[in-house]
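Please examine the structure below together with its sequence. The paragraphs that follow lead from the chain as a whole to its domains, its ligand and some details of its backbone.

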Amino acid sequence: MLGEIRGEVRFKEPLSFHTSLRIGGPADIFVVPQDVDDIRHALLFAEREQLSVAVIGGGNNLLVRDRGVRGVVLRLEGCLGRAEFHGEEAIVGAGVSLSALIREAAALNLGGIECLVGVPATIGGALAMNAGTPDGWIGDFVSAVYFLHPDGTLGEFKPTSGAFTYRAFDAPAGAVLIGCRLRLTRRPIAEIQKDVKVRLKHKKATQPLALASAGCVWKNPPGDFAGRLIEKCGLKGKRINGAEVSSKHANFIVNRGGGTAADILALMELTRERVQHQFGIVLEPEIRIVGE
Ligand SMILES: Cc1cc2nc3c(=O)[nH]c(=O)nc-3n(C[C@H](O)[C@H](O)[C@H](O)COP(=O)(O)OP(=O)(O)OC[C@H]3O[C@@H](n4cnc5c(N)ncnc54)[C@H](O)[C@@H]3O)c2cc1C
């Protein structure tokens, strides 16, 4: 079944090549599918061999442990990379980058989703994480999600209220998301572009975009900001080997070069302990931690 895959199959592929943190041990079997059939072949192979399956989009929210990931890793960035527009609706493949989608929609005077600009993501990763900003999250725009079950059969999910919550999507177990329908709204391109410019400027001013990171490490606790709590603990700039609590935004951990997953995890543990000790609040990770 692996032999039927038309895309790429690699063995012992370092996942540090595929994560924005530039950290992560090898994937035993790394598949870059070319289409839905390829994904299906990989899923059926994993099911037959009783291997686990992990999905990577752009790798912008992932901490992969240093010994890597056993089983099959499917990397969807660059696959399923088309968006179609029908009236005020977009039908989008899971591998489309969010920034490209915002740009393509704007060219057709379609907006709404520009509130998500500056979130590095594939559509699959944005759906899985319910990516968002204070002005909205992707779940607000979704009318249907298409996915493959672990046995390769196609599924469609019409989100009801509560399916998308803060940085989470209640997807069916083991689903590989392959695309979605999004409701957009008519808006002149000039207005969208102006809005995008302001939002990107704000991101640049407040986030360490020049350094390797996975965005916000922790979810904000109700009514507060994880970054504020971490800063109050005096942890801005705190470093463990290559990992550092950003001095620009305390909820980011950056890889200063040569950082390992063990360094990031140690810094996370220290942060969690200090915040709990000082404020009695237990921080929950927003980043997804995978591997062994
Ligand atoms: C500089 C920076 C700024 C950021 N700012 C923001 C922000 O403002 N708001 C925000 O919400 N996030 C932010 N993030 C985090 C990140 O951009 C989002 O979480 C984004 O949605 C991740 O998308 P991805 O394609 O990279 O997913 P990945 O990181 O590859 O994967 C994230 C999770 O989704 C799962 N997944 C991915 N694709 C699929 C699929 N097709 N099917 C099933 N599961 C899938 C993965 O298994 C994993 O659990 C930021 C990150 C960085 C580096």
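The model shown here is a predicted one.

The overall form of the chain may be considered next. A compact globule of 292 residues would have a radius of gyration near 19 Å, and the chain has 19 Å, which agrees. The C-alpha trace spans about 50 × 50 × 30 Å along its principal axes. Of the 292 residues, 44% count as buried. The secondary structure of the chain consists of 6 helices and 20 strands.

The chain is divided into three parts: domain 1 covers residues 2–75, domain 2 covers residues 83–206, and domain 3 covers residues 226–290. Between the C-alpha centres of domain 1 and domain 3 there is a distance of 27 Å.

How many residues surround the ligand, and which are the closest? There are 32 of them, and the closest are G57, G58, G124, G125 and G215. Several elements supply at least two residues each to this shell, namely β3 (53–56), α3 (123–129), β9 (132–133) and β15 (176–183). Helix α3 gives the most, with 5 residues. Sorted by class, the shell has 17 nonpolar, 14 polar and 1 charged residues. Why can the ligand be said to lie between domain 1 and domain 2? The reason is that domain 1 (2–75) and domain 2 (83–206) both give residues to the shell around the ligand, so the ligand lies between them.

Strand β6 (residues 83–86) pairs with strand β7 (residues 89–93) in the antiparallel sense, over 4 bridges. Within this pairing, H86 has E89 of β7 as its bridge partner. The hairpin has 2 residues between the strands, and G87 takes a positive phi near 60 degrees there.

Two asparagines also show a positive phi. N109 has a positive phi of about 60 degrees although it is not a glycine. Its place is in the loop between α2 (98–107) and β8 (110–111). Is N109 buried or partly exposed? A residue counts as buried if 20 or more other C-beta atoms lie within 10 Å of its own, and as exposed if 12 or fewer do. N109 has 15 other C-beta atoms within 10 Å, and it is therefore partly exposed.

The other asparagine, N241, has a positive phi of about 50 degrees, although it is not a glycine. N241 is found in the loop between β17 (239–240) and β18 (243–245). With 16 other C-beta atoms within 10 Å, N241 is partly exposed.

Technical notes: Residues numbered from 1 in each chain as written. Predicted model: local features only at pLDDT ≥ 70, side-chain atom pairs only at ≥ 80, totals over all residues. Rg over C-alpha atoms; globule rule 2.2 N^0.38 Å. Pairing = 2+ DSSP bridges. Domains from an automatic or database assignment. Near = placed C-beta within 6 Å. Nonpolar A, V, L, I, M, F, W, Y, C, P; charged D, E, K, R; others polar.
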